[in-house]
Amino acid sequence: MASVETAAEHERILREIESTDTNCIGPTLRSVYDGQEHGLFMEKLDARIRNHDREIEKMCNHHFQGFVDSITELLKVRGEAQKLKSQVIETNVRLQEDGKVLIGSMEELKQCRVQQRNIATTIDKLALCLPVLEMYSRLQEQMRAKRYYPALRTLEQLEHTCLPRAGQYRFCSIMAENIPKLRTLIQDTAMTQLRDFLESIRKHSDKIGETAIKQAQLQRSLDSSVTLQPRALIGRRDRKEAAAVTESSGEGGSPLSEQDSGILDVEDEEEEDVPGAQDLVDFSPVYRCLHIYTVLGLRDVFENYYRKQRRKQARLVLQPHSNMHETLEGYRRYFNQIVGFFVVEDHILHTTQGLVNRAYVEELWELALSKIVAALRTHSSYCDDPDLVLDLKNLIVLFADTLQGYGFPVSQLFDMLLEMREQYGEILLKRWNITFRQILDQDNFSPIPVSTEQEYRQYTSQFPLQDPELEKLSFPKKLPFSEFVPKAYCQLKEFIYACLKYSEDLHLSSTEIDDMIRKSTNLLLTRTLSNCLQYAIKKKNVGLAELVQVIINTTHLEQSCHFLEEFITNITNVPPETANATKLYGTATFKDARHAAEAEIYTSLNAKIDQFLQLADYDWMSAAQSSGGLTTSDYLVDLITFLRSTFSVFTNLPGKVAQTACMSACKHISTSLMQLLLDPEVRQISIGALHQLNVDLKECESFARAGPVAGFQGDTLLLAFSDLRQLLDLFTQWDWSTYLADYGKSTCKYLRVNPHTALALLEKMKETSRKNVVLAQFKKADRDRQKLIDAVIKQLRNLIAHHHA
């Protein structure tokens with residue numbers, strides 16, 4: 001079985017050797033040598049070779065005759081071919097000899113044709129290359145002249161039109177390699193110029209803003225009724241020209257020259273006297289850069305870069321200096337920079353197509369407005385000078401009007417100015433508080449003496465005094481009020497003027513201005529002036545004469561309030577009877593001050609009386625003497641003298657102040673004397689002490705009957721001493737039977753004597769009587785008096801208990 005398989009395998013290998021290319025026979029032979037039957041295979045191979053040799057021999061024997069015949073015929077043909085070859089050679093020699101001239105002519109013709117073709121080709125190539133060289137030369141000149149936008153246009157034409165036509169020359173390759181470098185150079189140079197431009201407008205923003213504000217101020221001063229036209233700062237005609245330039249560039253037209261790219265015509269200077277932004281800043285770099293980046297297909301990159309840089313500049317411009325609030329110049333510089341920034345943006349908006357749009361500018365303005373308002377609120381809060389606040393307000397109004405002329409909404413600025421009005425009012429109140437206090441401190445609180453008609457007219461021009469009786473008097477004479485009155489009235493008018501100044505140019509109606517002035521004036525009256533008057537009244541060491549003069553002063557100021565009303569009406573042209581019109585509270589203010597001064601007069605007068613009463617030195621245990629032997633106490637004589645001189649000053653007081661003061665003084669004297677009697681420290685009182693007190697009381701009554709102050713009817717002033725008088729009469733006359741019998745009746749002689757008071761005083765006399773009895777036990781009169789006092793005390797206690805029940 002194994003031999004059969006081996007034979008079959010050898011057969012397969014033989015077939016494969018016969019049918020396979022000799023180059024690939026290696027693997028087949030390798031399989032033979034790898035086997036174990038190498039000798040057997042060699043035998044089969046030899047057998048196969050012998051078979052093929054036999055077949056070849058058979059085939060050669062079969063075709064041999066034909067082969068011999070073919071060789072014979074071939075030998076015959078060789079002879080004929082030799083003859084033919086000789087003939088051809090001879091013919092060729094003759095032909096070569098005959099065609100030598102022709103061949104020379106043909107060579108010459110060929111050379112001419114080649115030269116002619118080369119010349120034509122050269123002409124064609126030069127026709128294509130010369131424009132390239134010319135254009136490249138022009139490009140180099142434009143680059144040297146820094147005319148980058150035309151250079152970029154030339155570069156575009158060179159790259160896309162000329163170089164493809166010229167072909168693959170070395171210089172063309174060099175040019176093609178340089179084109180990206182030149183384009184990058186132009187782009188970088190344009191960006192450098194843009195950065196220089198941004199730096200330039202940053203430096204010139206202050207000057208541009210100052211010029212714009214001056215233009216707006218000039219326009220407003222020339223004709224306040226004409227709407228501001230600050231567009232003239234830039235020039236409408238020039239903007240149209242610059243916009244046309246941008247449109248032509250966007251449509252593929254050729255731009256202006258470098259000197260004209262974005263720069264406005266000089267002709268406009270003849271129309272505008274005030275220089276505009278174009279006169280202070282060269283806008284051509286931004287236009288050039290815009291055109292260049294548009295051609296490069298990078299307009300979006302340029303727009304984003306420009307807007308990003310301007311936003312950064314806006315943040316820098318909107319950041320105020322830390323000491324801006326110290327001077328007006330700091331605010332002015334801040335506003336100038338902001339106005340300059342937005343004037344430039346407005347110019348760019350109107351002279352370029354899409355570099356900035358209205359939405360972008362409005363977004364910047366919203367950002368700026370919020371920061372401006374916040375900065376002004378912060379810095380203005382540090383200001384305590386009303387003049388600086390007023391100047392700042394005028395500067396803000398001018399700033400707002402300037403930007404409003406460019407179409408920017410500025411209502412928030414005016415709202416902020418209305419907020420600042422409250423702060424301005426507070427600062428004014430502080431300043432006028434100092435002013436009023438200085439006037440009060442400098443005032444001598446004496447009527448103003450006038451010696452001539454001129455002096456009189458001078459004071460009456462400052463204060464509306466209407467006193468026909470005073471005018472009839474001859475010079476010299478005295479005005480009833482002190483220097484405080486005309487000075488205070490003038491300061492009230494100055495305050496109103498200061499309020500009016502702030503209201504100007506805020507676009508407020510007359511009614512609003514009138515309302516604002518009246519409210520501020522009311523604050524001045526009710527808070528500032530009222531506090532100052534209270535300060536003057538409550539101040540230490542203020543005499544009664546000064547308080548009297550304060551009352552007279554406030555009376556005249558109160559009478560002048562309707563003149564202040566008329567003054568406000570005249571400057572605001574709003575009649576006081578207008579609905580919802582605020583009324584001045586001056587009358588109430590001066591009334592309150594006058595009442596405070598009156599109360600202080602009463603308090604001060606009573607305090608002075610107490611000082612005299614402290615000098616009282618009664619001998620409560622003095623022996624009884626006849627009335628003729630007693631004299632008025634020294635302290636009371638001095639007190640009465642003081643009261644007479646004091647009340648002589650009160651003659652000029654208005655109303656019933658003098659009567660009230662006099663009545664209050666008498667009541668206080670009566671009450672104080674009563675308190676001396678009932679003082680717990682005084683445990684014993686003799687009848688002699690009561691007689692002395694009775695003499696003093698008579699002196700007081702005599703003073704009251706003399707009428708120290710006019711205006712009392714009859715013995716009204718004596719009523720102040722009636723309680724003490726009835727009490728002393730009861731004890732000195734010892735009229736207890738009448739008192740006890742008539743007590744509680746309206747016709748009682750001692751109606752004002754309180755039983756508790758009588759009991760307390762009687763017990764003090766009892767102690768004195770008991771002591772006397774002990775010392776003189778054998779005097780029957782003293783014992784009887786002691787018994788009588790005890791009986792009266794008992795009856796008084798029963799009376800008190802009965803009424804209490």
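Guide: Buried means under 20% relative accessible area. This is a predicted model. By that cut-off, 44% of the 805 residues of the protein chain count as buried.

Visitor: What about the surface, how much of it belongs to carbon and sulfur atoms?
Guide: Carbon and sulfur atoms account for 52% of the accessible surface. The total for the protein chain is about 44,000 Å².

Visitor: How many helices and strands are there?
Guide: The protein chain has 28 helices and two strands.

Visitor: Let's pick H13. How many of its residues are buried?
Guide: 15 of the 20 residues of H13 are buried, so the helix is largely enclosed by the rest of the structure.

Visitor: And how far does H13 reach from its first C-alpha to its last?
Guide: H13 covers residues 386-405 and reaches 28 Å. That is close to the 28 Å expected at 1.5 Å a residue.

Visitor: What happens at the start of H13?
Guide: A side-chain oxygen of Asp385 comes to within 3.1 Å of the backbone nitrogen of Asp387.

Visitor: And just after H13?
Guide: There, Gly407 has a positive phi of about 95 degrees.

Visitor: New topic. Which residues form a nonpolar patch on the surface?
Guide: Phe64, Phe67, Val68, Ile71, Leu74, Leu75 and Val77 do. Together they have about 670 Å² of accessible area.

Visitor: Where does Val68 lie?
Guide: Val68 is in helix H3, residues 38-144.

Visitor: Why is Val68 called partly exposed?
Guide: Its relative accessible area is 31%.

How values were computed
Residues are numbered from 1 along each chain as its sequence is written. This is a predicted model: local features need pLDDT of at least 70, side-chain atom pairs count only at pLDDT 80 or more; totals for chains, interfaces and linings use all residues. Side-chain values use heavy atoms; hydrogens and water are left out. Patches are made of residues with over 30% relative accessible area and no salt bridge: like charges are joined within 9 Å, nonpolar side chains (Val, Leu, Ile, Met, Phe, Trp, Tyr) within 5 Å. Accessible areas come from the Shrake-Rupley method with a 1.4 Å probe; for residues, only the protein chains shown count as cover. A salt bridge is a side-chain nitrogen of Lys or Arg within 4 Å of a carboxyl oxygen of Asp or Glu. Helices (H or I, at least four residues) and strands (E, at least two) are DSSP runs, numbered from the N terminus. Buried means under 20% relative accessible area, exposed over 50%, partly exposed in between (1.4 Å probe, protein chains only). The expected span of a helix is 1.5 Å times one less than its number of residues. A polar contact is a pair of N or O atoms within 3.5 Å; within protein, one must be able to donate a hydrogen and the other to accept it, and residues adjacent in sequence count only if both atoms are side-chain atoms.
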